[in-house]
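Me: I would like to learn how to read a structure like this one. Please take me through it feature by feature.

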Amino acid sequence: MPRKIIITCAVTGSIYTPTMSPHLPVTPAEIAAASIDAAKAGAAIIHLHARVPEDGRPSADPAHFMEFCPVIDAATDAVLNISTGGSSLMSLDERLAPARAISPEMCSLNMGSMNFGIFTLKRKYENWKHDWEPKLLEATRHTLFTNSYANIEDILADLGEKGGSRFEFECYDMSHIETLAYYLRQGKVKAPLYVQFVLGVMGGIGASPENLMAMKASADRLLGDAYQFSVLAAGRHQIELATLGVILGGNVRVGLEDSLTIPPGRLATSNAEQVRKIRTIIEEMGYGIATADEARTMLDLKG
Ligand code: KMH
Ligand code: ZN
């Protein structure tokens, strides 16, 4: 039996802005359609952020999430994974409101505080559709993405112990794996941990094969058999590092939240296009694709 690989698709996020790609889903109808198409293409998990429908600004308003989550739920059996990272410019209370309202099967949990330098994207664009876009990017030069120990513990207690959600542990650097290992030793998190190795965010570890292998070696040493992993490479290395992640025994995350492009370097026309690309590579290598229910079993989700 070939090993089954879980594909997560992160459909819109809060990093890229509407000027950067006409294919970035923004309205609830677009986010729902992109998610449904990604699930049909093979994504077992859909990682979700919301945007203000009128202008595409990142939103943490639960009402915006409620416009697309039930639609995706009704049309697919995909696991819904709600962001608790929101955007680095939101307060923690804002960031947690959607997952608190929805109590999803999964949510993200960012494992440390860091710079989150998306201001560097600014230089590539001109003729902004909206004034807020360059301003938001510039603001990240001055802001920290705050995920204190107390913040992490609140999320574990509130959404995890109380709400029954399980986590995509976002690890942007080796130190974040150390923090997760601390909580494993404390008994505050339990196997199977789903660790997302996040490479290529400015402020975190860079997107290279060597860094991915170092993250994996560190997690093997610190988390042993208590974890499974997935690979997310932000930017143009998305597909190749996801492929290496599969070779190293892991799962993958793609989607326009993390990269607007598709090899050999053009804009992806949809989230589903990236899912189909990685699915083809996975199947050509002889692996299988996990269904949503198989992902639920592998990750011990509440279902
Ligand atoms: N945007 C990704 C680099 C979250 O939503 O909590 C990581 C992420 C964080 O998806
Ligand atoms: Zn996210």
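**Confidence and conventions**

Reply: The protein averages a pLDDT of 98, and 100% of the residues score at least 70. pLDDT is the predictor's confidence in each residue, from 0 to 100. This is a predicted model, in which local features need pLDDT of at least 70, side-chain atom pairs count only at pLDDT 80 or more, and totals for chains, interfaces and linings use all residues. Residues are numbered from 1 along each chain as its sequence is written, while chains are lettered from A and ligands numbered from 1 in the order in which they are written.

Me: What ipTM and pTM does the predictor give the complex?
Reply: The ipTM is 0.97 and the pTM is 0.98.

Me: How many helices and strands are there in the protein?
Reply: Helices (H or I, at least four residues) and strands (E, at least two) are DSSP runs, numbered from the N terminus. Here there are 11 helices and 16 strands. The radius of gyration, taken over C-alpha atoms, is compared with a globule rule of 2.2 Å times the number of residues to the power 0.38. The protein has 17 Å, close to the 19 Å that the rule gives for 303 residues, so it is as compact as a globular protein of that length. Its C-alpha trace spans about 50 × 45 × 40 Å along the principal axes.

Me: What share of the 303 residues do buried residues make up?
Reply: A residue is buried if 20 or more other C-beta atoms lie within 10 Å of its own, exposed if 12 or fewer, and partly exposed in between; C-beta atoms are placed from the backbone. Buried residues make up 50% of the protein.

Me: Which residues of helix α4 are buried?
Reply: In α4 (residues 92-102) they are Arg95, Leu96, Pro98, Ala99 and Ile102. Seen down the axis of α4, these buried residues fall within an arc of 145°, so they line one face of the helix. The arc is that of the directions from the helix axis to the C-beta atoms.

Me: What covers the buried residues of α4?
Reply: Contact means that the C-beta atoms of two residues, placed from the backbone, lie within 7 Å. The cover includes β4 (50-51), α2 (62-66), α3 (69-75), β6 (79-82), β7 (106-110) and α6 (149-162).

Me: Is Ile177 buried or exposed?
Reply: Ile177, in helix α7 (residues 174-185), counts as buried, with 26 C-beta neighbours inside 10 Å. Leaving out residues up to four places away in sequence, Ile177 touches Cys171, Met215, Ser218, Ala219 and Leu222.

Me: Which residues come nearest to ligand 1?
Reply: A residue is near a molecule if its C-beta atom, placed from the backbone, lies within 6 Å of it. Of the 14 residues around ligand 1, Gly13, Ser83, Gly85, Ser108 and Glu170 come nearest.

Me: Where should I look for backbone exceptions?
Reply: Most residues other than glycine have a negative phi, and most peptide bonds are trans. Ser103 has a positive phi near 50° and sits in the loop between α4 and β7. Asp300, in the segment after α11 (292-299), has a positive phi near 55°. The peptide bond from Ala191 to Pro192 is cis, with omega near -5°. Another cis peptide bond joins Pro263 and Pro264, with omega about 10°.
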